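Walk through this model with me. We go from strand pairing to the core, and then to the ligand.

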Amino acid sequence: MTDVLAAFEAAKGFMPADEGLALYEAARGAARELRLPVLEIGSYCGRSTILLADAARQAGTVAVTVDHHRGSEEQQPGWEYHDTDLVDEHTGRMDTLPHFRRALYDAGLEEHVVAIVGRSPQVAALWGRPFALVFVDGGHTDEHAGADYEGWAPHVAEGGLLAVHDVFPDPADGGQAPYRIYRRALESGVFAEEPGTGSLRLLRRVTGGAVR
Ligand SMILES: C[S@@+](CC[C@H](N)C(=O)[O-])C[C@H]1O[C@@H](n2cnc3c(N)ncnc32)[C@H](O)[C@@H]1O
């Protein structure tokens, strides 16, 4: 775990250590219990992926990741979270995929990850298998977070977990789209809240009913 934590700390990204460790414990527990893979929507340069991959490795499953690797709105040139090192000279566009692959290589976890490069709703429309844990950390607009919820929450196995990052009940602390999908999950009656850490919220699927 020491090497994995060092690789996590070295990777570019947005996951604080305390939230990352909570995600790791949740993913490892759910994957061990249900013997199913875990899913990440929004990998960026692989920081949180490293933890999910190690959790999957320990549970004998895999981590599936979905990201178009072109960055979210707030990561584009001129926006608050833009990083000029992530621009591909050939296309002039953001490309986090090489950084993501390098981070997993450095962590020694490449073989525990199935990385899908694509838009979350397009991949969700093709998907037909359950997950022990679905971690939502993709686009933070209502359009994208809402589509992630609608596309992927139905694939959380009964007894599995929906994890949502950047949930801020107070608008002064951050954008509201992740908070709105977290509320939607709770109000659906399909998910029940478990203890979270910081802006990471964990919701357990308690019924097999339709996700709304
Ligand atoms: C906040 S970052 C993820 C941070 C990462 N989990 C970490 O620990 O550092 C959001 C990522 O979601 C991806 N993304 C945004 N909207 C997406 C969509 N509709 N489909 C696929 N990926 C998307 C972006 O490319 C970006 O890499």
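Predicted model: local features only at pLDDT ≥ 70, side-chain atom pairs only at ≥ 80, totals over all residues.

β5 and β7 pair in the antiparallel sense over four bridges; strands are DSSP runs of E, at least two residues long, numbered from the N terminus, and two of them pair if DSSP finds at least two bridges between them. Arginine 201 in β7 is the bridge partner of valine 164.

Residues are numbered from 1 along each chain as its sequence is written.

β7 (residues 200–205) is mostly covered, with five of its six residues buried. Buried means 20 or more other C-beta atoms within 10 Å of the residue's own, exposed means 12 or fewer, and partly exposed lies in between, with C-beta atoms placed from the backbone.

Now the core. Alanine 163 is among the residues with the most contacts inside the largest nonpolar core, which has 60 residues. Such a core is a set of buried Ala, Val, Leu, Ile, Met, Phe, Trp, Tyr and Cys residues joined through C-beta atoms within 7 Å.

Proline 154 sits in the loop between α6 (142–152) and β5 (156–164). Why is proline 154 partly exposed? Because it has 16 C-beta neighbours inside 10 Å.

Last, the ligand. Its closest residues include Gly13 and Ser48.

Note on methods
Near = placed C-beta within 6 Å.
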